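Please read it with the model open.

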Amino acid sequence: AGVCPTKALTMVPQEQEAAQQDVFNYMVANVAAKEDVADLTVKGSQFKKPLLEFSGSCAGCAETSYARLITQLFGDRMYISNATGCSSIWGGPAATSPYATTAEGKGPAWANSLFEDNAEHGLGMYLGQKAIRERLIAQVKGMAESDQASESFKAAFQAFLDTKDDSTANAPAAKALIAELEKAAAEGCPVAPAVLAEKEYLSKKSVWIFGGDGWAYDIGFGGVDHALASGEDINILVFDTEVYSNTGGQASKSTPVGSVAQFAAAGKSVKKKDLASIMMSYGYVYVAQVAMGADMNQCLKAMHEAESYHGPSIVIAYAPCINHGIKGGMGVSMNEEKKAVAAGYWHTFRFDPRRADNGENPFQLDSKKPSASYRDFIMGEVRYNSLTRAFPQRAEQLFEKAEKYAEEKYEKFAHMASEEE
């Protein structure tokens, strides 16, 4: 409600709206996605049905905003491998699932894996379906090359091949090919029934690997690095809360200088690990940092570009958390993201290897030069301002270091963005 541009939403107690349950049920049953107006703009994307709903997250949790958006864009063809952590708790609570399906019964296929091997698990999900799909394509290719294949079958197979690596365009092409396979099976083709038995693997899938910073920066980092270095067409989404959120707020390598957390009660003394720069060093990995509340358009572009890139991608999303102790509460988490970028605390950018192939600079810095006070921003969160009361002199020293590091990081990114390819 706080970020609605027209202030059309008002939060009220659930009991107050109980009489509207029949209206809600009608809307769920009868109102469909508006595909004729849905597109990849901020407004247009919201006409797509979210395939994540009623999660068990903390109120105002930023993680679910990113996951929800991804399901709107790619949910009907998604595989998700989810690291243990907050996102596996709100994403897979016992006996229920917040992930939903379309009217055709398609939705995210979700699985949870351990902290230490989630990236490898997600890579395995991708490689498994890739092997099945390639076998099916080879079988269909043999059918298309047969002198008994109809022209409509050959045309459907060619349309399928032309869109094979595009999960959006391949969906209708796969559907048309399956229709031709069903015709072939009805006419006695001996190969078609076997292919149809595994027809769900024909369309291009969008494979995503979800997890928090404790997983991606720390315990699962080796797997994240291995999966991205493989060059395979996988996508990683990091919910960066800058702390181990699910286990009570322990410091991670994502925790910035001066932040108070468990195991860093006197404020963390070393700077945050630069995961994005590490992954950009490969040159062939799509890398983005986003903050939805700061720039919804940039966030949407990054999600689309990451998924459409025929190679590995990682999107690191700033996610305000209840452990931060935000002044104003979690109801202002989106605005907190905006403040973080304005203060130069968080930077948004995209590194797209395809641009280098076209002779362009692959790095685009989307956030502008800081226009607000870094110190004022961090003083709005208990994880920082509590240090001024417990250890005032140390707080001043660490905050000076933190501000210096943030300025240096922005200058580094600004230099990268200005370089000629």
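Which helix gives the most to the lining of the second largest pocket? Helix α17 (residues 392-418) does, with six residues. The model is predicted: local features need pLDDT of at least 70 and side-chain atom pairs count only at pLDDT 80 or more, while totals for chains, interfaces and linings use all residues. Residues are numbered from 1 along each chain as its sequence is written, and side-chain values use heavy atoms, with hydrogens and water left out.

**Second largest pocket**

- The volume of the second largest pocket is about 390 Å³; a volume here is the space filled by probe spheres set on grid points joined across faces, edges and corners.
- A pocket is an open set of points on a 1 Å grid over the protein atoms alone, where a 1.4 Å probe fits and protein lies on both sides within 12 Å along at least five of seven lines; lining residues have an atom within 4 Å of a point.
- The lining of this second largest pocket consists of 17 residues, and K271, K272, Y405, A406 and K409 are those nearest its centre.
- Sorted by class, the lining has eight nonpolar, two polar and seven charged residues (Ala, Val, Leu, Ile, Met, Phe, Trp, Tyr, Cys and Pro count as nonpolar, Asp, Glu, Lys and Arg as charged, and the others, Gly among them, as polar).

**Charges over rings**

- The charged end of K271 is placed over the ring of Y405, 5.0 Å from the ring centre (the criterion is NZ of Lys or CZ of Arg within 6 Å of the ring centre and within 35 degrees of the ring normal).
- K273 lies over the face of F221, with 3.4 Å to the ring centre.

**Aromatic contacts**

- There are 16 aromatic pairs in the structure (rings of Phe, Tyr and Trp, the last by its six-membered ring, pair if their centres lie within 6.5 Å; planes under 30 degrees apart count as stacked, over 60 as edge-to-face and the rest as tilted).
- One of these is the tilted pair Y345 and Y374, at 5.8 Å centre to centre and 40 degrees between the planes.
- Y345 lies in the loop between α13 (333-342) and β7 (349-351) and Y374 in helix α15 (residues 374-378), so the pair ties together parts 29 residues apart in sequence.
- Y345 counts as buried at 9% relative accessibility, and Y374 is buried at 6% (buried means under 20% relative accessible area, exposed over 50%, partly exposed in between, with a 1.4 Å probe and protein chains only).
- Y318, Y345, W346, Y374, F377, Y384 and F399 make up one aromatic cluster.

**Strands**

- Helices (H or I, at least four residues) and strands (E, at least two) are DSSP runs, numbered from the N terminus.
- Strand β3 (residues 206-212) has six of its seven residues buried.
- Strand β1 (residues 78-83) runs parallel to β3, joined by five bridges (two strands pair if DSSP finds at least two bridges between them); Y79 has V207 in β3 as its bridge partner.
- β3 also pairs in the parallel sense with strand β4 (residues 235-240) over five bridges, where F210 is partnered by L237 in β4.
- In strand β5 (residues 286-290), five of five residues are buried: Y286, A288 and V290 on one side, V287 and Q289 on the other.
- Five bridges pair β5 with β6 in the parallel sense, and Y286 stands opposite S313 in β6.

**C321**

- C321 lies in the loop between β6 (313-318) and α13 and is buried, with a relative accessible area of 7%.
- C321 and S418 are 97 residues apart in sequence and 33 Å apart in space, C-alpha to C-alpha.
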